[in-house]
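Q: Please take a close look at one part of this structure and describe its geometry carefully, with the cut-offs behind each term that you use.

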Amino acid sequence: MKNRRFVLSSAAALASGVMLAARRSQAAVVASGPALSADERALHALNRLGYGPRPADAAAIAAQGADPWLERYLTEQLEPRRLPQPEGLSARLAGLDALKLGQAELLGRYREAVKAAREARREKAQGMTADADALNAVREKVRPLVAQAATARLSRALESPAQLEEALTEFWFNHFNVFAGKQAVGVLVADYEQRAIRPHVLGRFRDMLGATARHPAMLIYLDNAQSVVAGYQPPQRARRFLAERPELKARVPSGLNENYARELMELHTLGVDGGYSQRDVTELARMLTGWGLDSRKALVGGTGDLFAFDARKHDSGTKTWLGQTVKGAGQAEGEHALDVLATHPATARHLAFQFAQAFVADEPPPSLVQKLADNFKATGGDLREFTRTLIRADEFWSREAYQAKFKTPYQYLLSSLRALDLQPANQQNLLAALAQAGQPLYGAQTPDGYKNVAAAWRNPEALTQRVQLATTLGQRSGVSPEKLTSTLGASVSEPTRRTLATEPAGQQVALLLASPDFMKR
């Protein structure tokens, strides 16, 4: 307890130091400085293109030399399928139902839980005693699926040698964010990441755009599954069923829903200043009517994907969208819209800025944004080349970009565990720590996801929580301050090294993890 109080007593000073360092980092973006050393370049790659160094990385850099190691590392990271995964990681992922079950099965389990909960409430309202054991048994079919999605993400980020793939998965998931707390999205979120995001992070943007548009998690989250042509009436059989269950009538789609169409243009593609109008939002929503789910598969124990286009729900009238006349063509209208959006110059600019901001600086150099936008247009949205352009850019390797980013809680937690070489058997505590820090995994409620700029996370309360986490991890790791300092290498400044040398040896690991140097990347 005494040791914990000692470290926590430094929280205010550390918070002030971190906030001052972050402000200096922002000012440094417009400054100039000497080129990065070979060791700094290696650590910069590990921190920006992944979640920081592990002791094995530091050993490999020392053995091979920083420049040869870095050249090989960058080549491998752009070809992640060639990197063998640790056997233990592959075995754990193979045992997760959330990654194995089909969409219909996943939604079916959710529907079972909802039905059981509804029956329990009905019985309680009628003065009956609900079967709590039966209800809990059904709920237990759902809860693990939500937790398994988070387990898979954290395990990969900690252990996978394909660190760039993990960092890109985080970025693109956040770009196409869905909130696990809305209806059935939680049981589908692992499938969404596994099939709509991961396969495309080094593929084609258009493919990812289409995969997210058709995935049930997105269709539910942004309500496009509820968007139908005005005046839509369900089939006669459904109307008879609703006549018997009038309490369900409110759930029947009754008209146009613009949520997905708006976010598709504002966040996913063109950007808020992309040159479209409110009328374009409405017309795009009309083009996307009928894009929904075949929920019957979940109801009858079916298998396979849930996306279905229902021509009866589609507005087949002529639309005027982004200055084009679009005649009724069913599902092809939506596909045409995705084609146009994926290749639009405004999309190239929007994605270029977002990408440079996430991986280089909160206020990215305009020259880098232009390079990325030009590459996106020239390659037709080839994300491998888009990423390669970032990695080859002088702006990425500049002194101004070095340690100019402030770690989010997610990045801070992962980089701490990797630096200490910790692999906690129970990840629930880690997920709780992220929630406490304001970044629960899959918990961003708004479509714009989590912010990746320092201003969103740099406040005294959040920094004090990091000091507490640093204290806990430092005490559990058993790692010596010398080993941790060796792992972090050139990213630990001389002033920090001198300061640590004056502190008790038993507190140096925690203080290093709570230092301004470690909170930057």
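A: Helices here are DSSP runs of H or I with at least four residues, numbered from the N terminus. Residues are numbered from 1 along each chain as its sequence is written, and side-chain values use heavy atoms, leaving out hydrogens and water.

Helix α5 spans residues 66–77 and contains both W69 and Y73, which are 4 residues apart, about one turn of the helix. These two residues form a stacked aromatic pair, with 4.7 Å from centre to centre and 15° between the planes; rings of Phe, Tyr and Trp (its six-membered ring) pair if their centres lie within 6.5 Å, and planes under 30 degrees apart count as stacked. The structure holds 19 aromatic pairs.

Elsewhere, the axes of helix α12 (residues 185–197) and helix α13 (residues 205–214) come within 9 Å and cross at roughly 150°. The two helices are therefore roughly antiparallel to each other, a term for angles over 145 degrees. On the α12 side the contact (heavy atoms within 4.5 Å) is made by Y192, R195, A196 and I197, and on the α13 side by M208, A211 and T212.

As for confidence, pLDDT averages 89 over the protein, and 88% of the residues score at least 70. Over residues 18–31, however, pLDDT stays under 50, although the model has 26 contacts beyond four places in sequence for them. Where pLDDT is low, the predicted coordinates should not be read in detail.

Notes:
This is a predicted model: local features need pLDDT of at least 70, side-chain atom pairs count only at pLDDT 80 or more; totals for chains, interfaces and linings use all residues. pLDDT is the predictor's confidence in each residue, from 0 to 100. Axes are lines fitted to C-alpha atoms, for helices over the stretch in contact, and angles run from 0 to 180 degrees between N-to-C directions. Angles under 35 degrees count as roughly parallel, over 145 as roughly antiparallel, 65 to 115 as roughly perpendicular and the rest as oblique. Rings of Phe, Tyr and Trp (its six-membered ring) pair if their centres lie within 6.5 Å; planes under 30 degrees apart count as stacked, over 60 as edge-to-face and the rest as tilted.
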